[in-house]
Amino acid sequence: MRKKISKSILQFLTICSLFLLPLSGWSQEKSVQANDKEEHTKNSFYQGTAIGLEIAGIGSYLLGSDIMNSEIQVQSNLLNKYFPVVEVGFGKTDATDDATDNHYKTSAPYFRIGIDYNFLHKKTHLPGVFLVGLRYGFSSFSYDVDAPNMKDPIYGGNTEIPFAFKDQKAKSQWIEAGIALKAKIYKGFHMGWSVRYKRRISVTKQTNSEAWYIPGFGKNADSSFNLSYHLIYNLPF
């Protein structure tokens, strides 16, 4: 009786193994294909494109800042080493100086183009990148500026000169150098932080006024620093 039971168990295990062989082969084949695909991706020149949305500027505006600034970033990955990028954004402000009552208003798009270098390109097992990069930025915009009436510097007395200039045209160019850290959150989703130093190249000056804020650059000065935070999605390829 025990021999019959043992023989039956052996037959049952043999039949099960016959069914499991194709599944095991399929699983191994799938694993090999996944590894081959991963290895091919690591060695390929083009390794995907990511789209990012900058949200720190929006958050700052919602918390009470006079300036709102946000952008969409499209960045490609070449050899996991070079990351060419295009950034298109929108900046605006409607601010009044409490001390002088000077009022300034503008809203316009801006554009940047540049490239980042990944210092961790050999660390392909890491779920992120450390980037150092350069940007060229440009914005063409118009602004309104007004202030309390001014006393006539020649005739004096009660004579006042209105100070209000509408639709003043301006253009500005600048360069940026910065560092960024991007880390994987879940599957194709990443988040990124960056710190950038901006240096103004040029800005249009009108006869009677000058831009106080430049979309994409910030307050009009020779240089400035900027912190940004991006939510990023890697497009499948």
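In these legends, Ala, Val, Leu, Ile, Met, Phe, Trp, Tyr, Cys and Pro count as nonpolar, Asp, Glu, Lys and Arg as charged, and the others, Gly among them, as polar. The model shown is predicted.

**Figure 1. The largest cavity and its lining.** A search of the whole structure finds one cavity of 30 Å³ or more. The volume of this largest cavity is about 160 Å³. Its lining is made up of 20 residues, of which Asp116, Arg135, Ala180, Ser194 and Arg196 are the closest to the centre. By class, seven of the lining residues are nonpolar, eight are polar and five are charged. At least two lining residues come from each of strand 2, strand 5, strand 6, strand 7 and strand 10. Strand 6 gives the most, with six residues.

**Figure 2. The second largest pocket.** This pocket has a volume of about 420 Å³. A total of 24 residues line the second largest pocket, and those nearest its centre are Gly57, Ile67, Asn69, Asn226 and Leu227. Two or more lining residues are given by each of several elements, among them helix 2 (56-62), strand 2 (67-78), strand 4 (103-118) and strand 7 (189-203). Strand 10 provides the largest share of the lining, five residues. The lining of the second largest pocket includes eight nonpolar, nine polar and seven charged residues.

**Figure 3. The largest nonpolar core.** In soluble globular proteins, nonpolar side chains tend to be buried together. The largest nonpolar core of this model has 14 residues, of which Tyr104, Phe141, Tyr143, Trp174, Ala211 and Ile214 touch the most other members. Strand 4, strand 5 (128-151), strand 6 (160-186) and strand 8 each give two or more residues to this core.

**Figure 4. The surroundings of glutamine 173.** Glutamine 173 belongs to strand 6. Not counting residues up to four places away in sequence, glutamine 173 touches Tyr136, Gly137, Phe138, Arg200, Ile201 and Ser202. Valine 203 is 30 residues from glutamine 173 along the chain, and the C-alpha atoms of the two are separated by 6.7 Å.

**Figure 5. Two loop residues with positive phi.** Most residues other than glycine have a negative phi. Asparagine 80, although not a glycine, has a positive phi of about 60°. Asparagine 80 is placed in the loop between strand 2 and strand 3 (82-96), and its relative accessibility of 13% means that it counts as buried. Lysine 187 also has a positive phi, near 50°. The loop between strand 6 and strand 7 holds lysine 187, which is exposed, with a relative accessible area of 59%.

**Figure 6. The protein chain as the setting of the close-up views.** The protein chain contains two helices and ten strands, which follow the pattern α-β-α-β-β-β-β-β-β-β-β-β when read along the sequence. Of the 237 residues in the chain, 31% are buried. Among contacts with a separation of 6 or more, 62% are between residues 24 or more positions apart. The accessible surface comes to about 15400 Å², and 63% of this surface belongs to carbon and sulfur atoms.

Note on methods. Residues numbered from 1 in each chain as written. Predicted model: local features only at pLDDT ≥ 70, side-chain atom pairs only at ≥ 80, totals over all residues. Heavy atoms only, no water. 1 Å grid on protein atoms, 1.4 Å probe; cavity = no way out; pocket = protein on both sides within 12 Å on 5 of 7 lines; lining within 4 Å. Points joined across faces, edges and corners; volume = space filled by probe spheres on them. Helix = DSSP H or I, 4+ residues; strand = E, 2+ residues; numbered from the N terminus. Core = buried A, V, L, I, M, F, W, Y, C linked by side-chain atoms within 4.5 Å. Buried < 20%, exposed > 50% of the residue type's maximum accessible area, 1.4 Å probe, protein only. Contact = heavy atoms within 4.5 Å. Areas by Shrake-Rupley, 256 points an atom, 1.4 Å probe, with all protein chains shown as cover.
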